[in-house]
Amino acid sequence: MILGIDMGGTHIDGAAIEKGVLLASVKHQVNRDDYFLSIWQCLEELIYQTGRRDITRIHLSTTICTNAIVEGQVSEVGLVLQTGPGLKWPFERMGDTVVYLSGSVDHRGKVVRDLDMEELRRARGRLLASQAGALSVVCKFSTRNPVFEQRIRDYFEDSYDDITMGHTLSGKLNFPRRVQTAYLNAAVSRTFRLFAGHMREALEREGIRAPVFVLKADGGTIDFTSALRKPVETILSGPAASFMGMHALSEADRSDRVLLDIGGTTTDLFFLVDGVPVFEPLGIEIDGRKTLVRAIFSQSVGIGGDSRVFFDNGKLQIGPRRLGFAVAFGGDAVTPTDALVYLNKMEGKYPGKSRRALEALASENDLSAGQLADLIVTRMCGRIREEIDRILQRLNASPVYTIEELLRDRMIRPRAVEVIGGPAKALAGYLEKALSMPVFCPAHHAIANAIGAALAKPTVEVHMIADTERKTVSIPELGIYQPIDRQYTQKRAEQFALSEVRKAGASLGLTEAQTEPEIVESSCFNMVQGYGGGMEKNIRVKAQIRPGLLYKLERDEV
Amino acid sequence: MKAANRLGLILFPAFDWAISPTHPEREERLLYTQDQLLEEGIEDIEGVEFFNPGIASDRDINRVHFCYPGAESLVTESHRIAAGGVMRAFDAVLSGETDKSFALVRPPGHHAQRVVYGDRGFCIVNIEAVGLEYARQKYGDMRVAIVDTDCHHGDGTEDIYWNDPDTLYISFHQDGRTLYPGTGPVEDLGGPGAYGYNVNIPLPPHTGDAGFLYVLENVVMPILDEYKPALIINSAGQDNHYTDPLTNMNFSAQGYAALNERLNPDIAVLEGGYSIQGALPYVNTGIVLAMAGLDYSGVCEPDYHLGKWTQPEQVTRQVQQIARHVIALWQSREELSARVIAGLETVTRRRRVYYDTAGIMEYQVQEFNVCHACPGISTVRSKNDRGASMIGVTIPRNACHACREEGYRRFEVMKGQGAKKIYLQDRSQDEYFVSSS
C-alpha cells in the first residue's frame with residue numbers, strides 16, 4: 001500500500017492506493033501553525049480507514065520549504081562565489097553575505113587560475129563575523145570541474161553544518177541560476193532537517209518502517225536522505241502533484257494532451273508530449289529567484305469558476321479578480337459558475353438568487369439572461385483556447401541545435417484535453433466546441449493531488465560529459481568524476497550513463513521495468529588540437545529515468 | 001538583468017554537420033560558444049530572445065547567386081539553414097520583434113560570390129546577401145552598410161555588391177598579400193554604378209585592438225556618418241583574434257566588443273573564426289553583451305594578459321597611413337568615379353576565382369553597363385576547368401525601364417552563345433530564370 005499526501009496552501013489531501021486501486025482518501029484544512037501535525041493526522045487517518053499498516057512507501061508533497069522561502073523563514077546564507085570572467089550579475093543581492101574569490105576554470109573544465117589562499121582566509125574571517133548560518137559555494141563552470149567548490153567546502157567544513165556545493169544540484173550550465181539554487185538549498189536546509197527529524201521520530205514511534213519519498217516540482221520523487229542534501233528539490237511540488245494526479249486519472253496513452261485544472265481564481269495549464277510531461281526549459285522560479293530545479297511546465301491563467309464577471313464600457317470582462325463565491329454558492333458577484341447554473345449545467349445552492357443576479361447584469365447591458373450566460377461561458381472557453389494557442393506557439397518555437405531536429409520540426413499538437421476542478425464537468429461540452437478536441441473529466445479529481453503524489457515515480461536526470469583529452473567522465477548530479485582512457489567511445493558513454501541511471505533507480509526502490517532508463521540526448525564532437533594535432537572526443541549524453549507514474553490508477557475500479 | 005537593446009539571437013550550432021570530421025568547419029565549432037553563453041545566464045536576460053533559423057528556398061538563393069548547375073543540387077540543407085538564420089535575423093529587426101539581432105550560424109558565407117560552382121573558403125551561399133536581398137523584397141528597398149570584420153577579405157560580398165550604390169561594403173582584413181583569398185586592396189572601389197562604395201581596409205599582420213579601433217573611429221565611423229545607412233550589418237568574423245590558427249592578428253574579445261559597441265550594428269552575422277576554444281566563446285559573448293547594451297568589461301580570455309597583444313609601433317604607423325589613404329579615396333569618390341566612367345558605355349572586369357575547398361578554377365568576365373538613371377545591368381560570362389560554362393544577367397532592384405528591357409533582351413540573345421546555362425536575375429521584379437542548352 002502506498003500512501004500519498006499533498007499539502008497545499010489551504011487543504012491537505014491523502015490517498016491510500018494499492019495496485020492501482022484507491023483504498024481510502026482524506027481531505028482536511030491545513031493547520032498553518034503546525035505543518036507537521038497536519039501531515040501526521042492525515043497519515044493516521046489513512047491508516048485508520050484502511051485498517052492496515054503494511055505500507056510500502058509514503059509519498060509526501062509538502063509546502064514546508066516553499067512556505068519557509070515565501071515567508072522569509074530561512075537561514076541566513078553566506079555565498080562564496082568564484083565568478084570567473086564574464087557577465088556581472090548582481091550577485092551581492094543573491095545572498096546575505098557574499099564573498100568573491102579569484103581563480104577560474106574554463107568551459108572545458110580546465111583550471112585557468114588557482115585559488116588565492118590568502119583571499120580565502122580573509123573570506124572566512126568575514127563570513128564567521130556575519131550572521132550566516134549556512135554556506136553555499138558556487139564556481140563558474142563547476143559542473144565541468146568541481147575542484148574549487150570541493151576545496152572551498154573542505155576549507156569551511158569545520159565551521160558550518162550546511163554547506164551546499166553548486167555542482168551537486170544540477171548538471172545544467174547557468175551560473176546565476178546555480179547561485180540562486182545553491183542559495184535556496186542552503187537557506188532551507190535547517191527547516192527541512194527539522195521537519196524530517198519530526199517525521200522520522202513519529203514514524204519510529206508508530207513502528208512504521210516504510211521509506212519516505214518527497215515529491216519534486218518535476219513530478220518525480222526523491223528519498224528522504226537525498227532530500228536532506230537537496231531540500232531545494234522539494235519546493236513548489238503542488239502543481240506537479242496536481243499534474244501527476246490528472247495524469248494518473250487520465251486515459252493511458254502516449255499522445256500529446258492538454259491538462260487543465262480549473263480552480264476558483266485561476267486555471268492551470270499543463271502539457272503532455274508523447275505521454276511525457278513538458279518541463280520548464282531551465283527550472284522553476286520562486287520568490288523572484290530563477291533556479292535550476294527541474295519543474296513541470298505550468299501556466300496559470302487568471303480565469304476560474306469564481307472570477308468576477310462585469311462590463312467595462314460595454315465590454316464583457318471575466319476576472320482576473322475573484323471577489324468571493326459565486327452567487328449560486330452564497331457570494332455577491334456574478335461568476336462563470338452562475339452562468340453554468342443558469343444553463344442547467346451544474347447545481348447551485350441558491351439557484352434563484354443566482355438567476356436574479358445574472359438577469360440584473362444582463363438587462364443593464366441590453367441582453368437576455370440566456371444570451372449573457374452563453375456569452376460568459378463562450379468567452380471563458382475562448383480565453384482558455386487563446387492561452388493554449390499562445391503557449392503552444394512558444395513551446396513549438398523552443399530552440400533546436402541540430403539540422404535533424406530543425407527539419408523534423410516536431411510540433412506539439414494536442415489530441416485531447418483532460419479537465420479537473422469544480423466547473424470541469426459543466427464546462428466540458430463548451431470546451432470541446434471551443435478547442436475542437438475531445439474533452440475528458442477524470443473522476444476523483446477532488447483528491448487528484450494526493451493520488452498524483454502517491455503514484456509519482458522517482459526521477460533522476462543526468463548530464464554527462466566524457467572528454468578524452470582531459471581523460472575524465474563526469475556526471476555532476478551523481479557526483480561522478482572518473483578517469484577514462486583515450487579510446488572511450490560514445491557507445492560506452494551511453495552505456496555508462498544508462499547503467500548509472502539504472503543504479504540510481506534501484507537505490508530509489510524502482511524495479512528495472514519501472515526505471516525505464518533512457519538517453520534523451522547524445523552527441524560526440526571531434527576535438528582537433530590545431531592543425532595536425534591529435535583527434536580527441538568530447539561526448540555529451542543526457543539520460544534519465546523516464547518521468548511518469550509508478551502505474552496508472554485503474555479507472556473502472558474507482 | 002535587463003538588456004538596454006532587445007536582442008534576437010539565432011544560435012544554431014548545427015551540431016550534426018561538418019565539411020569533414022577534422023575540418024575547422026565541424027560540429028564542435030560553436031559548442032563552447034554555446035556553453036559559455038548558457039553558463040553566463042544569457043537565457044535569463046530580459047530582452048534577449050532566441051529564435052530558430054528559417055530555411056532559405058531556391059528562390060532566396062537565386063536572388064543572389066548564379067548556382068551551377070543549380071541551387072537545388074549545389075546547396076545543402078546546412079547552407080540553407082545558415083542563410084535562413086540570417087533571414088530570421090532580418091525579420092526580427094525589421095518586423096520590430098527586437099531592436100537588434102545576431103545570427104550565430106554556420107557555415108559562413110562571405111567568400112560566396114555571384115557565380116557559385118562549389119565551396120570556397122568554407123562558403124557556398126553568401127548568407128548576409130541572401131538575408132539582405134530577402135529583406136529588401138519583403139520590407140522594401142533600403143540603404144545598407146555591411147561592415148565586414150572577418151580577418152579574410154570578404155571577396156564574395158564585395159563581388160555581389162560591387163555595383164550597388166545602396167549597399168556600402170566596408171571590409172577590415174589582414175592584407176591580401178599575406179592571407180587567403182589574396183584580394184581586397186584599397187584601390188578596388190566598385191563598379192561604375194557604385195564607384196567608391198566598396199571600401200577595402202587591408203591591415204598589416206599583428207594589428208591589435210588599438211589599430212582596429214583607430215580605423216573604426218577614423219575611417220569607418222566618418223564614412224557611415226556621411227552615408228547614413230538605414231541598416232548596419234556586421235559581418236562578424238572572429239578570426240582577427242590573437243589565438244586564431246589561420247591568421248596573424250592581435251585582436252582581443254574586449255576589442256571586438258568595443259568595436260561592436262561603437263559600430264552599433266542592427267544585425268550581426270557570424271562569419272569565420274576557428275579558434276573555437278580560445279576565442280569564439282569570449283568574442284561571441286563580448287559581441288552579444290555589447291549588442292544588448294550590457295556591461296562586457298568582465299569578458300576575458302583565459303590567456304589574455306594586458307600588454308602581451310599590444311601591436312608593434314611600426315604596425316601603428318602603417319595602420320594610420322592606410323587609414324589616411326582610404327578616407328582620402330572616399331572623400332574624392334565622386335571625382336574619381338566621373339573620371340573612371342567618362343565616355344564609357346560599359347566597364348569590363350576580368351577575374352580568376354579559385355575554389356579552394358572544392359578545388360575548382362574559374363575564369364570570368366564581368367561587364368557593367370553604364371547608365372545615368374540607375375546602377376545599370378551587369379553580365380557575367382564564366383567557365384571553369386571542369387568544363388562548365390554559364391552566362392548570368394543581373395537587373396538591379398531599382399533598374400530604369402530601359403535597363404530592364406535591355407536585361408530581358410540580352411537574356412534572349414545570350415541563349416544562342418553556346419554557354420551551358422544562361423541565367424536572368426531580375427531583382428526589380430523578383431523574378432529568376434534559367435535556361436539550359
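Trainee: In which strand of chain A does A:Pro320 lie?

Mentor: A:Pro320 sits in β20, residues 315-322 of chain A. Bear in mind that this is a predicted model. The peptide bond to look at there joins A:Gly319 and A:Pro320: it is cis, with omega about 0°.

Trainee: Which residues does the cis bond in chain B join, and where is its proline?

Mentor: That cis bond joins B:Tyr68 and B:Pro69, and omega is about 0°. B:Pro69 is in a loop, the one between β3 (66-67) and α3 (71-74) of chain B.

Trainee: Why does A:Phe141 count as buried?

Mentor: Count the C-beta atoms around it. A residue is buried if 20 or more others lie within 10 Å of its own. A:Phe141 is buried because it has 26 other C-beta atoms within 10 Å.

Trainee: And A:Asp287: what is its phi, and why does it count as partly exposed?

Mentor: A:Asp287 isn't a glycine either, and its phi is positive at about 55°. It lies in the loop between β16 (285-286) and β17 (289-290) of chain A. A:Asp287 has 15 C-beta neighbours inside 10 Å, so it counts as partly exposed.

Trainee: How do I read a helix like α8 of chain B: mostly covered or mostly open?

Mentor: Then go to the case here. Helix α8, residues 253-263 of chain B, is mostly covered, with eight of its 11 residues buried. Among the buried ones are B:Tyr256, B:Leu259, B:Asn260 and B:Leu263.

Trainee: Which residues touch the most other members of the largest nonpolar core?

Mentor: That core has 139 residues, and the ones touching the most other members are B:Val86, B:Leu104, B:Val130, B:Val269 and B:Ile287. Apart from it there's another core of 137 residues, including A:Met7, A:Val77, A:Cys139 and A:Ala182. Take B:Val130 as your worked example: leaving aside neighbours within four places in sequence, its contacts include B:Ala56, B:Ile61, B:Val64, B:Val86 and B:Val125.

Trainee: How is chain B divided into domains, and how many residues of each are in contact?

Mentor: Domain 1 of chain B covers 2-334 and domain 2 covers 343-436. Across the boundary, 26 residues of domain 1 of chain B are in contact with 28 of domain 2 of chain B. On the domain 1 side, the elements giving two or more residues are α2 (58-62) and α5 (127-139) of chain B. By class, that side has 10 nonpolar, eight polar and eight charged residues. The centres of the two domains of chain B, taken over C-alpha atoms, are 27 Å apart.

Trainee: What about chain A: how is it divided, and what separates the centres of domains 2 and 3?

Mentor: Chain A is divided into domain 1 (77-186), domain 2 (301-441) and domain 3 (457-545). Over C-alpha atoms, 46 Å separate the centres of domain 2 and domain 3 of chain A.

Note on methods
Residues numbered from 1 in each chain as written. Chains lettered and ligands numbered in written order. Predicted model: local features only at pLDDT ≥ 70, side-chain atom pairs only at ≥ 80, totals over all residues. Core = buried A, V, L, I, M, F, W, Y, C linked by C-beta atoms within 7 Å. Buried ≥ 20, exposed ≤ 12 C-beta atoms within 10 Å, placed from the backbone. Contact = placed C-beta atoms within 7 Å. Domains from an automatic or database assignment. Helix = DSSP H or I, 4+ residues; strand = E, 2+ residues; numbered from the N terminus. Nonpolar A, V, L, I, M, F, W, Y, C, P; charged D, E, K, R; others polar.
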